[in-house]
Amino acid sequence: VKQSGGNDVVFYSSEMDEEYRFKRQLASNLRVALENEQLELYYQPQCHADDKEIQSFEALLRWKDAELGQVPPGRFIPIAEETGLIIPLGEWVLRTACFEAAGWDKPLGIGVNLSAVQLQKHELPEVVAAILEESGLDPKRLELEVTETALIHNPARSMKILSDIKKLGVRIAMDDFGTGYSSLATLQNFPVDRIKIDQSFVTKLVGNAQAGAIVRAVINLSRDLALDVIAEGVETDEQANFLTDHDCRAVQGYMFGHPRPISDYAHIVHPQTPA
Ligand code: C2E
Ligand code: CA
Ligand code: CA
Ligand code: CA
């Protein structure tokens, strides 16, 4: 036990040392992976529930480390955020996804996740503008996904940054909706185009009255606020049926397509190409 500068008592254990060393190794391997272009984007379809037609793709980061194997984003994104690496990493994701989508014969939408840390950077709107310009992607096709937690960290600054980005013609989606603690206020205050119903509600949809009530309420809310809505994590027919019965037309989930390398979806983005 060590007495730190203030009154806080900091505990050290060999386990924490190990966790700390592991994180440092992860951060350093990730930095190398970014420099050597060893990261990859997978693309998951976002569909019309009625005819299953793909309208857009969400880009999801994948990292396979030589020593550690496949490291899930849930593991390395927080570390990238702590170390600041998320700034160049997030820019790489945005640039790669925009250039990719700009090359498709079919002008489908492209969703890109933004980290809370990126949303605190005043330069973000200029970075987005520059990437749109370089890639030639129509701004209307780009949808940036932000979480409520990211926005409420510094609401005034996030607000300014988001409205500057929206002026470029880019869409904003509220990711993981319902899992933060100020969802309704956030919707009122931020220029959001679409709500993404979190998969934790969708998963429980069948046989759980509360989850059903929440999902119905979110769908109605988005209609009343004239926002688009999409449900995430749709895995079963029952879930999909519930959603369409309640007028949620856009869906994303394993049932409609897993995140995969874009080459697996070549026949979708280049409809002339034989599958
Ligand atoms: P998210 O943005 O909420 O992404 C959805 C996650 O759910 C993805 O996990 C996706 O693979 C998974 N998923 C999709 N459909 C289903 C389904 O039907 N069932 C289940 N059980 N899961 C489904 P993934 O790819 O592991 O990403 C996890 C999180 O990591 C993402 O959650 C996002 O917060 C973050 N992330 C991924 N890529 C990026 C990125 O490029 N930048 C940032 N800042 N965060 C990213
Ligand atoms: Ca997302
Ligand atoms: Ca989500
Ligand atoms: Ca999530």
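Along the chain, the donors of the calcium ion (ligand 2) follow the spacing E-x54-N-x31-E-x29-D. Those donors are Glu 58 (OE), Asn 113 (OD1), Glu 145 (OE) and Asp 175 (OD), at 2.2 to 2.4 Å. Asn 113 lies in strand E6 (residues 109–113) and Glu 145 in strand E7 (residues 142–147), so this pair ties together parts that are 32 residues apart in sequence. Keep in mind that this is a predicted model.

## The calcium ions

Which residue coordinates both the calcium ion (ligand 2) and the calcium ion (ligand 3)? Asp 175 does, and the two ions are 4.0 Å apart.

The calcium ion (ligand 3) has its own set of protein donors: Asp 175 (OD), Asp 176 (OD), Glu 232 (OE) and Glu 232 (OE). They lie 2.2 to 2.6 Å from the ion. In sequence, the donor residues are spaced D-D-x55-E. Here too, distant parts of the chain are linked. Asp 175 is in strand E8. Glu 232 is in the loop between strand E10 (228–231) and helix H10 (237–245). The two residues are 57 residues apart.

Next comes the calcium ion (ligand 4). Asp 176 (OD) and Asp 176 (OD) coordinate this ion, at 2.9 to 3.1 Å. Asp 176 also bridges to the calcium ion (ligand 3), and these two ions lie 3.6 Å apart. Asp 176 is part of strand E8.

Where does ligand 1 sit? Its place is the largest pocket. There are 21 residues around ligand 1, and Gln 44, Arg 62, Asn 113, Glu 235 and Tyr 254 come nearest. By class, this shell has nine nonpolar, six polar and six charged residues.

Some secondary structure elements supply several shell residues. Strand E4 (54–65), helix H2 (73–83) and strand E8 (171–177) each supply at least two. E4 gives the most, with four residues.

| Residue | Protein atom | Ligand 1 atom | Distance |
|---|---|---|---|
| Glu 58 | polar side-chain atom | oxygen | 3.4 Å |
| Leu 61 | polar backbone atom | nitrogen | 3.1 Å |
| Asp 176 | side-chain N or O atom | oxygen | 3.3 Å |

On its own, ligand 1 has 800 Å² of accessible area, and the protein covers 79% of that.

Glu 58 coordinates the calcium ion (ligand 2), and a polar atom of its side chain lies 3.4 Å from an oxygen atom of ligand 1. Asp 176 bridges the calcium ion (ligand 4) and the calcium ion (ligand 3). An N or O atom in the Asp 176 side chain is also 3.3 Å from an oxygen atom of ligand 1.

Technical notes
Residues numbered from 1 in each chain as written. Chains lettered and ligands numbered in written order. Predicted model: local features only at pLDDT ≥ 70, side-chain atom pairs only at ≥ 80, totals over all residues. Heavy atoms only, no water. Near = heavy atom within 4 Å. Polar contact = N/O pair within 3.5 Å; in protein donor to acceptor, adjacent residues only side chain to side chain. Areas by Shrake-Rupley, 256 points an atom, 1.4 Å probe, with all protein chains shown as cover. 1 Å grid on protein atoms, 1.4 Å probe; cavity = no way out; pocket = protein on both sides within 12 Å on 5 of 7 lines; lining within 4 Å. Sits in = over half its atoms within 2 Å of the grid points. Nonpolar A, V, L, I, M, F, W, Y, C, P; charged D, E, K, R; others polar. Donors = N, O, S within 2.8 Å, 3.2 Å for Na, K, Ca; no water.
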